[in-house]
Amino acid sequence: MPNVVIIGAQWGDEGKGKVVDLLTQDADVVVRFQGGNNAGHTLVVGGEKTVLHLIPAGILHPGKSCVIGNGVVADPEVLCTEIDKLKARGFLQDDGQLVLSLDAHVIMPWHKAIDIAREAKAGEGKIGTTGRGIGPTYEDKVARRGMRIRDLLDEQRLARKVTERSAAAREELARLGAAASWKDEEVVARYAELGRKLKPFARDAALWLHRALAAGKSALFEGAQGTLLDVDHGTYPFVTSSNTVAGNAACGSGVGPTAIDTVIGITKAYSTRVGGGPYPSELKDETGERLRKVGNEYGATTGRPRRTGWIDALALRYAARVNGLDGLAVTKLDVLTGFSEVKIAVKYRMGGETFDEMPSDLETLEKCEAIYESLPGWTEKLDGVRRWEDLPKNTRAYVERVAQIVGVKVMAVSVGADRGETIILENPFRK
Ligand code: IMP
């Protein structure tokens with residue numbers, strides 16, 4: 001059975017959750033493999049809104065399994081709240097539906113405190129993190145001193161590690177001029193309690209996944225954030241602290257790369273970015289404001305207004321390359337209704353120099369302005385359209401032109417927030 005990876009082809013918030021939710025109908029297992037509760041997926045099913053930060057969107061489908069892989073950093077408070085909320089709404093009635101890797105790293109109170117204190121001190125050069133402790137948790141993981149889900153299940157080990165780690169964190173906070181607000185005994189008691197709540201879900205997720213795939217089940221790997229926020233391939237240092245590209249679906253879950261059959265990149269019909277960093281097609285004018293308003297471009301996790309701009313074909317072509325994209329899904333096409341012209345960034349300009357590909361040097365990228373190709377817009381509402389042929393001619397021409405410049409076919413377009421408001425041109429699970 002096919003295994004499919006879905007990743008963000010821009011700066012995150014591309015509407016991956018919705019596409020994952022839709023394709024889950026054809027998958028057996030949905031897997032998160034990186035990031036943490038810096039992500040937020042807003043899903044609208046039957047007019048009702050659900051925001052998920054850690055649990056894969058597939059949980060809304062009874063009978064499907066969801067995996068939080070080893071590559072994820074999990075805040076147990078957030079995870080337990082999500083579990084409770086889902087249960088209260090009638091989802092996740094069977095604990096076997098959620099598999100939490102024993103090896104996923106845990107976000108501790110000091111990770112959040114350090115994240116926030118560093119950002120507060122950074123001034124102009126701040127990354128604009130979500131303040132959820134993501135970076136400091138990954139730092140501890142790579143420094144081989146992190147705490148994992150398995151550490152929450154053994155109270156003695158937990159107490160020993162909390163004492164060790166909290167002392168180091170206090171020192172770091174003091175250097176940053178911030179105070180530590182936690183008490184070690186309280187952290188041990190609370191995290192042991194959270195460990196007890198999470199125990200029914202915690203297991204060797206890589207082995208579980210291996211067995212599921214060996215038994216002929218198919219998996220959908222759900223990326224968080226986006227390609228340009230990848231710690232290696234994004235606009236470093238204005239990135240998140242994990243690999244967001246498709247290759248990490250394997251490392252972050254424990255399957256081999258040969259298990260993956262198809263990679264789909266999700267892009268909005270325009271672009272957005274949250275936090276600092278270069279963004280050549282950004283619009284700081286009325287058009288940008290209109291995209292923000294109509295597209296409701298405010299962070300699902302932090303509520304921050306997102307920066308907005310036209311779609312950037314160089315960024316998408318780059319995403320196609322580093323992810324090995326088989327196809328694109330274009331979301332929020334309906335937001336472009338009513339613009340007299342729609343634009344695609346097709347080149348960058350810096351002084352007298354032009355670029356056909358995204359420059360890898362941040363300082364160069366920061367000075368680049370986008371050069372656009374303009375296409376005629378459309379006035380028709382799209383939310384009722386269910387077939388590609390029924391989309392306005394100009395809408396199809398726009399999507400086809402984006403695909404042509406990027407060099408990747410379009411597999412789906414979305415014309416509204418609801419699950420049903422999507423046109424699938426090619427379903428990777430039904431090849
Ligand atoms: P962090 O992941 O909280 O460390 O934040 C690092 C950068 O990634 C900041 O610019 C954040 O705004 C951005 N970021 C993190 N998660 C998301 C996301 O899910 N969507 C969009 N931007 C994100």
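1. Let's start in the sheet. Strand β15 runs parallel to strand β19 (residues 409-414), and 4 bridges join the two. Within that pairing, Ala-329 has Ala-412 of β19 as its bridge partner. Please keep in mind while reading that this is a predicted model.

2. Stepping back, β15 and β19 belong to an open sheet of 10 strands with mixed pairing, in the order β9-β7-β5-β2-β10-β1-β11-β15-β19-β20. Its edge strands are β9 and β20 (422-424), each of which pairs on one side only. As a reminder, strands of a sheet pair through backbone hydrogen bonds, either parallel or antiparallel.

3. Which residues of α8 (residues 205-214) are buried? They are Ala-205, Leu-209, Ala-212 and Leu-213. These residues lie on the same side of α8 because they cover an arc of only 95° around the axis. An α-helix has 3.6 residues a turn, so residues three or four places apart point the same way. On the other side of α8 you will find His-210, Arg-211 and Ala-214, which are exposed.

4. What covers the buried residues of α8? The cover includes the strands β2 (29-32), β5 (65-68), β7 (98-101), β9 (202-203) and β10 (219-222). Just after α8, Gly-216 takes a positive phi of about 90°.

5. Some backbone spots deserve a look. Leu-92 is not a glycine, yet its phi is positive, near 50°. Leu-92 sits in the loop between α2 (76-88) and β7, and it is buried, with a relative accessible area of 2%. Lys-332 also has a positive phi, of about 55°, without being a glycine. Its place is the loop between β15 (327-331) and β16 (341-350), where Lys-332 counts as partly exposed at 23% relative accessibility.

6. There is a cis peptide bond too: the one from Tyr-236 to Pro-237, with omega near 5°. Pro-237 is found in the loop between β10 and α9 (248-251).

7. Now the charged pairs, of which the model has 33 that count as salt bridges. In one of them, the side chains of Arg-306 and Asp-13 meet at 3.3 Å, N to O. Arg-306 lies in the loop between α10 (286-294) and β13 (307-309), and Asp-13 in the loop between β1 (4-8) and α1 (16-23), so the pair ties together parts that are 293 residues apart in sequence. Arg-306 is buried, with a relative accessible area of 7%, whereas Asp-13 counts as partly exposed at 26%.

8. Arg-430 counts as exposed, at 59% relative accessibility.

9. Lys-343 and Glu-341 form a salt bridge as well, with the closest N and O atoms 3.8 Å apart. Lys-343 is partly exposed at 24% relative accessibility, and Glu-341 is partly exposed with a relative accessible area of 33%.

Technical notes
Residues numbered from 1 in each chain as written. Predicted model: local features only at pLDDT ≥ 70, side-chain atom pairs only at ≥ 80, totals over all residues. Heavy atoms only, no water. Buried < 20%, exposed > 50% of the residue type's maximum accessible area, 1.4 Å probe, protein only. Arc of directions from axis to C-beta. Contact = heavy atoms within 4.5 Å. Pairing = 2+ DSSP bridges. Salt bridge = Lys/Arg side-chain N within 4 Å of Asp/Glu carboxyl O.
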